[in-house]
Amino acid sequence: MSILIENVSKRFGSFQAVESVNLEIKSGTLVALLGPSGSGKSTLLRLIAGLEAPDSGRIWIGDREVTASSVQSRGIGFVFQHYALFKHMTVRQNVAFGLELRKARANYVRERVEELLDLVQLRGLAERYPSQLSGGQRQRVALARTLAVDPQVLLLDEPFGALDAKVRKELRASLRHLHERVNVTTVFVTHDQEEAMELSDEIVVFNKGRVEQVGTPPDIYDHPATPFVMSFFGPVNVLPNSAGIFGLNNMESTNSHVFLRPHDIVIQTHHEETAAQAKVDRIVHLGWEVIVELSLRDGQLVTVNLTRELFKQLQLEPQQQVYVKPKRAKTFPLHAYS
Ligand code: ATP
């Protein structure tokens, strides 16, 4: 089922949590709502679920407008960060709960529960109680329980937020796998860029209640639409008022900031017209890569990431004079950066 959000806004008191959001989520895709804390991602998810009502705008699921529909009638499965399993029920009973509530036939319930336990790889733990499971296992039970009733849309709010890094990684893989097998439109909230990049078909980047950009992970990484998006996806050097410093035509406007990723800068020991002179301030060895901190002639600081091999070839020393030039750079007008 596709989801269409048309000009949706939501205010809490005087605080604008979601502002004029337009968004189309294609049927069967896995989409991340990504942004810093308080940017409005969870509110949008709750608006899709019907747990909040928009102040203005409209929401469609498939070809049905659901703006005023109840949560129950939207055909949505919801998984929160804090899995709320029934403590007094076994894994099997938890997964069967929704089906039994709907008075499904016993045979069907048995088969469906087996199938779902297979899907989330918990077949061997079916008779355990939640207290006998790890956090990651509990979250997989929550997923299976939600999927049991065949939701048309699966909404997940920071589903792995409370878990440690290793378990999060495992669960990401199992969510992707699950999504592919179940063919449900899945929308999940995260503030973790890597999680969004690894899992999703499309990422919706949120900032201050608004959508900054929608795109595939490579699209967003390689073609960030705004300074916020570029800075949110990994480290970046921001050189204010430095357009033209590298002598490149497309950077000649002085009313821009130049944005350079640390691995998109070349260090060389010989001068060239498009390279800027710099001094090596500090060298940090991280094992698999080397970080070189430099200062440009005008005092601006630049960080460059080099592979170990490249660093060895260059034989850099602190205080050495070198030349730097961008492999790739983005310029944004001054007023776009805040
Ligand atoms: P996080 O990653 O921290 O969960 P988020 O991007 O999901 O952040 P939301 O939970 O959507 O952000 O909240 C957006 C803003 O709206 C926050 O400043 C929050 O305090 C506020 N907010 C959310 N729900 C309510 C509510 N029921 N009443 C008042 N303010 C709220």
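This is a predicted model: local features need pLDDT of at least 70, side-chain atom pairs count only at pLDDT 80 or more; totals for chains, interfaces and linings use all residues.
In which hand, right or left, does α2 pass α4?

**Entry 1: α2 and α4**

I looked up the two helices, α2 at residues 91–101 and α4 at residues 135–147. Their axes come within 7 Å and cross at roughly 30°. Angles under 35 degrees count as roughly parallel, and α2 is therefore roughly parallel to α4. The crossing of α2 past α4 is right-handed, which settles the opening question.

I then listed the residues that meet. From α2 they are V91, N94 and V95, and from α4 they are V141, A144 and R145. By type, the residues of this contact come to 4 nonpolar, 1 polar and 1 charged.

An α-helix has 3.6 residues a turn, so residues three or four places apart point the same way.

**Entry 2: α2 and α3**

Next I took α2 with α3. Here the axes come within 10 Å and cross at roughly 125°.

The contact draws on V91, R92, V95, A96, L99 and E100 of α2. On the α3 side I noted Y108, V109, R112, V113, E114, L116 and L117. The residues of this contact divide into 9 nonpolar and 4 charged, with no polar ones.

**Entry 3: V95 and the cores**

Which residues touch the most other members of the largest nonpolar core? They are V95 and F233, in a core of 42 residues. I set aside the neighbours of V95 within four places in sequence and listed the rest of its contacts: V113, L116, L117, V141, A144, R145 and A148. Another core lies apart from the largest one; it has 25 residues, including V8, V21, I25 and I61.

A general note belongs here. In soluble globular proteins, nonpolar side chains tend to be buried together.

**Entry 4: helix α1**

Is helix α1 enclosed or open? I checked its residues, 41–49, and 7 of the 9 are buried, so α1 is largely enclosed by the rest of the structure. The buried ones are K41, T43, L44, L45, L47, I48 and A49. After α1 comes G50, with a positive phi near 90°.

**Entry 5: two glutamines with positive phi**

Q121 is not a glycine, yet its phi is positive, about 55°. I placed Q121 in the loop between α3, residues 106–119, and α4. Q121 is exposed, at a relative accessible area of 57%.

Q319 is likewise not a glycine and has a positive phi, about 80°. Its loop runs between α9, residues 308–314, and β17, residues 321–326. Q319 is exposed, at a relative accessible area of 53%.

**Entry 6: the whole chain**

Last, I noted totals. The protein chain has 9 helices and 18 strands. It has 338 residues, and 49% of them count as buried. Its C-alpha atoms fill a box of roughly 80 × 45 × 30 Å along the principal axes. I also looked up the contacts between residues at least 6 apart in sequence, and 65% of these join residues at least 24 apart.

Note on methods. Residues are numbered from 1 along each chain as its sequence is written. Side-chain values use heavy atoms; hydrogens and water are left out. Axes are lines fitted to C-alpha atoms, for helices over the stretch in contact, and angles run from 0 to 180 degrees between N-to-C directions. Helices (H or I, at least four residues) and strands (E, at least two) are DSSP runs, numbered from the N terminus. Angles under 35 degrees count as roughly parallel, over 145 as roughly antiparallel, 65 to 115 as roughly perpendicular and the rest as oblique. A crossing is left-handed if the near helix is turned anticlockwise from the far one by less than a right angle, and right-handed if clockwise. Contact means heavy atoms within 4.5 Å. Ala, Val, Leu, Ile, Met, Phe, Trp, Tyr, Cys and Pro count as nonpolar, Asp, Glu, Lys and Arg as charged, and the others, Gly among them, as polar. A nonpolar core is a set of buried Ala, Val, Leu, Ile, Met, Phe, Trp, Tyr and Cys residues joined through side-chain atoms within 4.5 Å. Buried means under 20% relative accessible area, exposed over 50%, partly exposed in between (1.4 Å probe, protein chains only).
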